[in-house]
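Okay, thanks for making time, everyone. I'd like to walk you through one model today, so let me put it up on the screen.

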Amino acid sequence: MGNRSVDPAATPAPEEVSAAVPVPELPWRVPLDPAPWWAWALFVTPFIAVPALNSWLWMGARDMLAVGLLTIIGASVVRVAGGVVLYRVVLTSTAVKARTSMLIRSVAWQDVDRIEVGDDNVVLVRGQDENEINGIPKDQTAYVGAVMQSLRHQAADHPTRPHRPRPGIGTLLVLTYLVLSVGAFLMRWHIV
């Protein structure tokens, strides 16, 4: 879930449609466009390229800085590319759960003030926070917004419990990447 906004004047009101929209069997996975092929390549490349580059660098203070910079840049690429590839949104009767590369975030329906529908996204507004769900096929966006609105209305009377972000699989992958990239350098120069 990103943090951006859509123009509220350009969005249809899901309240008008939600009464007539049947809610699918829960938990329901929101239909998202598949990740492009280049996103997988961008995600996998640092796991191979950075450890290889780190193992070929010469030993010295400047090279240690280069190893650090390559590792940080590669970790950023893994994190961003993982956000494109590893993404899933599931609706339940109590909350919307989004799995990104680094976190599994959950927002209770009672915490959502309003739902805004864009061309290919739905924005859940909670006070000053905006959680944008991107990549919904254009012909499905209004339906997804209406289902969310319907679930929000159904959950209004149920008690809520606080949801905290949990680490996702991306956290493990970034740690694996760091071990591979720094470990290749340490093994090459027999430091370990």
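This is a predicted model: local features need pLDDT of at least 70, side-chain atom pairs count only at pLDDT 80 or more; totals for chains, interfaces and linings use all residues.

Residues are numbered from 1 along each chain as its sequence is written, and side-chain values use heavy atoms, with hydrogens and water left out.

So, the overview. The protein has 5 helices and 8 strands; by that I mean DSSP runs, H or I of at least four residues for helices and E of at least two for strands, numbered from the N terminus. Reading from the N terminus, the order is α-β-α-α-β-β-β-β-β-β-α-β-α. There are 192 residues, and 40% of them count as buried.

Three strands make an open, antiparallel sheet, in the order β5-β6-β7. When I say strands pair, I mean DSSP finds at least two bridges between them. On the edges you have β5, 114-117, and β7, 129-134, each pairing on one side only. From one strand to the next the twist averages 20 degrees. For angles, the axes are lines fitted to C-alpha atoms, for helices over the stretch in contact, and values run from 0 to 180 degrees between N-to-C directions.

What packs on this sheet? Helix α4, residues 141-154, which touches β5, β6 and β7. The direction of α4 makes about 175 degrees with that of β5.

Let's go through the strand pairs. β5 and β6, the latter being residues 121-126, are joined antiparallel over 4 bridges, and V117 has V122 in β6 as its bridge partner. Between β6 and β7 there are 6 bridges, again antiparallel, with L124 partnered by N131 in β7. Those two strands form a hairpin with 2 residues between them, and G127 in the turn has a positive phi of about 65 degrees. As a reminder, most residues other than glycine have a negative phi, and most peptide bonds are trans.

That brings me to a cis one: the peptide bond from L26 to P27, with omega near -5 degrees. P27 is in the loop between α1, 14-18, and β1, 28-29.

Now the charges. How many salt bridges turn up in a search of the whole structure? The answer is 2, where a salt bridge is a side-chain nitrogen of Lys or Arg within 4 Å of a carboxyl oxygen of Asp or Glu. One is R114 with E116, closest N and O atoms 2.9 Å apart. R114 is partly exposed at 38% relative accessibility, whereas E116 is buried at 2%. The other is R126 with D129, at 3.7 Å between the closest N and O atoms. Here R126 is partly exposed at 29%, and D129 is partly exposed too, at 39%.

The C-alpha atoms of E132 and V122 are 5.8 Å apart, with 10 residues of chain separation.

R152 counts as buried because its relative accessible area is 17%. Ignoring neighbours within four places in sequence, R152 contacts W109, V112, D113, R114 and I115.

Last stop, the surface. W37, W38 and L42 make a nonpolar patch of about 410 Å². Patch residues have over 30% relative accessible area and no salt bridge; like charges are joined within 9 Å, and nonpolar side chains (Val, Leu, Ile, Met, Phe, Trp, Tyr) within 5 Å. W38 is in helix α2, residues 37-56, and comes out partly exposed at 45%.

Definitions and conventions:
Contact means heavy atoms within 4.5 Å. Accessible areas come from the Shrake-Rupley method with a 1.4 Å probe; for residues, only the protein chains shown count as cover. Buried means under 20% relative accessible area, exposed over 50%, partly exposed in between (1.4 Å probe, protein chains only).
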